[in-house]
Amino acid sequence: MRLSTALIRTTINTTGLLAPGLAGRWALHLYRYPPVRVAVRPAEEPMMRRATRDRLTVAGKETVVYSWGDGRRPVLLTHGWLSRASRLAPLAEALLDAGYSPVTFDAPGCGESAGRETSILEYRELARRLHAQHGRFAAVVGHSVGGLSLFFALRDEVKAERLVSIAAPAEFDYLVDGFRASLGLSHRVVPRLRQGIERRLFPAEVDIWRRFSATHRPAELTLPMLLVHDEADDMIDIGQSRLVAAAYEGQARLLVTRGLGHRRIISDPAVLEAVVGFVSADDLG
């Protein structure tokens, strides 16, 4: 894996010196079609077997949806990039035990869903469709890119009482910066990569770098928010959640964890307790 990453980095960076357009297209292909599809972990299997499965077709791709409970007090869960719904099994179980009805999905290109790629637009469409089926959500909870997608969906047709964003970026272009850094690509490739994203992935959309960001038009979202982020997150810097907290001052609370990183944070018992406590705060009153 290290050798492959080094070869990719060297090839694209070298090409970027002579043919920046070609280097940008190669980078876009890697960004658009990641070669990884993670498997279900053994510890996740029991909860996933308890789920009721359904299928929704989004952008021509069959997507697998999972739900638990009796349908009352639905809570939408959204997983992160290159992840899958099963990673949220501990959270789904905690919410189910608290009397909620979790619903989640494998985004296109992830888990058991079809396709090779997905986008924030498809996350939004899935949230819309599930909102139409289940009604107003008691809460929406997203991890990483799944958290970012919820801000976008909530400014559209999706309604919820509360929002929980775990280790999520605030700015849409932070994803490009993170992708560049993960491969060690030269900064000279970034303009061509951004241009490719605009023209190839979102040709009908305008102003995507602002509109798809969590901090865009904060006055449009008035629901209470809990932000959870580890101080040493190695994928999404905690500064991203601080930007969201500042944009939604007075309605967003930031919970900072230590030693959980980007992935273990979504199954940590203390985090699960905090999330369920936040979601059920009105019920306890």
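The structure holds one cavity of 30 Å³ or more. Here a cavity is a set of points, on a 1 Å grid over the protein atoms alone, where a 1.4 Å probe fits but cannot get out. About 100 Å³ of space lies in the largest cavity, with volume taken as the space filled by probe spheres set on the points, which are joined across faces, edges and corners. Keep in mind that this is a predicted model, where local features need pLDDT of at least 70, side-chain atom pairs count only at pLDDT 80 or more, and totals for chains, interfaces and linings use all residues. Residues are numbered from 1 along each chain as its sequence is written, and side-chain values use heavy atoms, leaving out hydrogens and water.

**Around the cavity**
- The largest cavity is lined by 13 residues, lining residues being those with an atom within 4 Å of a point.
- Nearest its centre lie Tyr31, Trp81, Thr118, Ser119 and Phe202.
- Helix 2 (20–32), helix 6 (145–154) and helix 8 (190–201) are the elements that each give two or more residues to this lining.
- Sorted by class, the lining has 10 nonpolar residues, two polar and one charged (nonpolar: Ala, Val, Leu, Ile, Met, Phe, Trp, Tyr, Cys and Pro; charged: Asp, Glu, Lys and Arg; polar: the others, Gly among them).

**The whole chain**
- You'll find 12 helices and eight strands in the protein chain (DSSP runs numbered from the N terminus: H or I with at least four residues for helices, E with at least two for strands).
- Of the 285 residues, 53% are buried, meaning under 20% relative accessible area with a 1.4 Å probe, protein chains only.
- Take the contacts (heavy atoms within 4.5 Å) between residues at least 6 apart in sequence: 74% of them join residues at least 24 apart.

**Val176**
- Val176 sits in helix 7 (residues 174–183) and is buried, with a relative accessible area of 1%.
- Leaving aside neighbours within four places in sequence, Val176 is in contact with Tyr31, Val190, Leu193, Arg194, Ile197 and Trp209.
- Leu193 is 17 residues from Val176 in sequence, and the two are 8.1 Å apart in space, C-alpha to C-alpha.

**Helix 4**
- In helix 4 (residues 89–97), the buried residues are Ala89, Leu91, Ala92, Ala94, Leu95 and Leu96.
- Those buried residues pack against helix 3 (45–49), strand 3 (74–78), strand 4 (101–105), strand 5 (139–143) and helix 11 (269–279).
- After helix 4 comes Gly99, which has a positive phi, near 95°.

Note on methods. Buried < 20%, exposed > 50% of the residue type's maximum accessible area, 1.4 Å probe, protein only. 1 Å grid on protein atoms, 1.4 Å probe; cavity = no way out; pocket = protein on both sides within 12 Å on 5 of 7 lines; lining within 4 Å.
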